[in-house]
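Trainee: Could we go through this model together? I would like to begin with the overall picture and then turn to the details.
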Amino acid sequence: MRKWNGLILMLLAAVLVLSACGKDSGSTASGSTGESSTEAGAANDADRTIETVMGQVKVPAHPKKIVVLTNEGTEALLSMGIKPVGAVKSWTGDPWYPHIKDQMQGVENVGDEGQPNVEAIAALEPDLILGTKMRQEKIYEQLSAIAPTVFSETLRGEWKDNFKLWADAVNEKEKGDQVLADYDKHVADVKAQIGDKLSTKVSMVRFMPGKARIYYNDTFSGIILKEVGLARPAVQDNPGFSDDVGKERIPDMNGDILFYFTYETGDGEGSKMEKEWTEDKLWKNLEVVKKGNAHRVDDAIWNTAGGVLAANLMLDQLVSYFK
């Protein structure tokens, strides 16, 4: 009897051991499931690879500290509700254009678009840098050593292409698409408001230190005029960017309406050029001037800023002249 009791006890002990092992196996399986969920979450937050003019670049899924090295790139981020930790200063302003100044409180100025301060950028410890090959190709390797760096190819031409690149780089395609859709609706609204005056031939002129330019269709403001459907004087209705002209070309500045803007950095040289030309007899003899249809507009909005915020403001200003 004792023998059987011993066997029974041994069998019970074996059952308990097996039961415990089963529980341990269950715990391990549960732990594995937990790790899989974490890994799945990590996969959703994994770095992304995007195509750029400089090749493929691996960028963080959700960048938190972005430095932007183009004026139009700054506007793209702001339009999507993103404030960069650092940005190149505006071409005019102290250091930001008036139309973005309120949104740029606390943003570090990292130098000029043409010559950013690499040390200042590194000090911000960004996790993403946005720039352009056109301005910053020579320091691309230095920037890439600091953080993943996404470059556009150029700043001239269709600003929407760069906007889409920035939206992709910061993983905000949906927000970016909405910003562009809102802009397209704005264009359509302005076109409808101008209505039968779309045949008005719009001339555009810019004064700079020591230079005067006629602006054509592939400029920032030229593209917007084309989207709205406004006509251009025959001599300006071409796919070029701009021409530096002498005073003998003032007659080519004529149109039904003329918008001129002046690049003034604070030394008075741009304004000096504007005054010299607008007081010239050839300028005063332009039909558009004599009819009072020559208007000075904001250089930052109509040309220099080059971003989506400026584009929307230009549309508002444009329609006001036709009302």
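Predicted model: local features only at pLDDT ≥ 70, side-chain atom pairs only at ≥ 80, totals over all residues.

Trainee: How many helices and strands does the chain have?

Mentor: The chain contains 13 helices and 12 strands.

Trainee: Turning to the open sheet, in what order do its 5 strands come?

Mentor: The order is β5-β4-β3-β6-β7, and the pairing is parallel. β5 (108-109) and β7 (149-152) are at the edges with a single partner strand each, so one side of each has no neighbour in the sheet.

Trainee: And over how many bridges do β3 and β4 pair?

Mentor: Strand β3 (residues 66-68) pairs with strand β4 (residues 86-87) over 2 bridges, in the parallel sense. V67 has G86 in β4 as its bridge partner.

Trainee: Which strands does helix α2 lie across?

Mentor: Helix α2 (residues 71-79) lies across β3, β4 and β6 (128-132), and its direction is at about 140° to β3. As for α6, that helix lies across β6 and β7 and runs at about 165° to β7.

Trainee: A residue question, then: where is A167 found, and is A167 buried or exposed?

Mentor: A167 belongs to helix α6 (residues 159-169). A167 counts as buried because its relative accessibility is 4%, and the cut-off for buried is under 20%.

Trainee: What is A167 in contact with, leaving aside neighbours within four places in sequence?

Mentor: Those contacts of A167 are with M80, E172, K173 and G176. Separately, A76 lies 91 residues from A167 in sequence, with a C-alpha to C-alpha distance of 7.8 Å.

Technical notes
Residues numbered from 1 in each chain as written. Heavy atoms only, no water. Helix = DSSP H or I, 4+ residues; strand = E, 2+ residues; numbered from the N terminus. Buried < 20%, exposed > 50% of the residue type's maximum accessible area, 1.4 Å probe, protein only. Contact = heavy atoms within 4.5 Å. Pairing = 2+ DSSP bridges. Axes fitted to C-alpha atoms, helices over the stretch in contact; angles between N-to-C directions.
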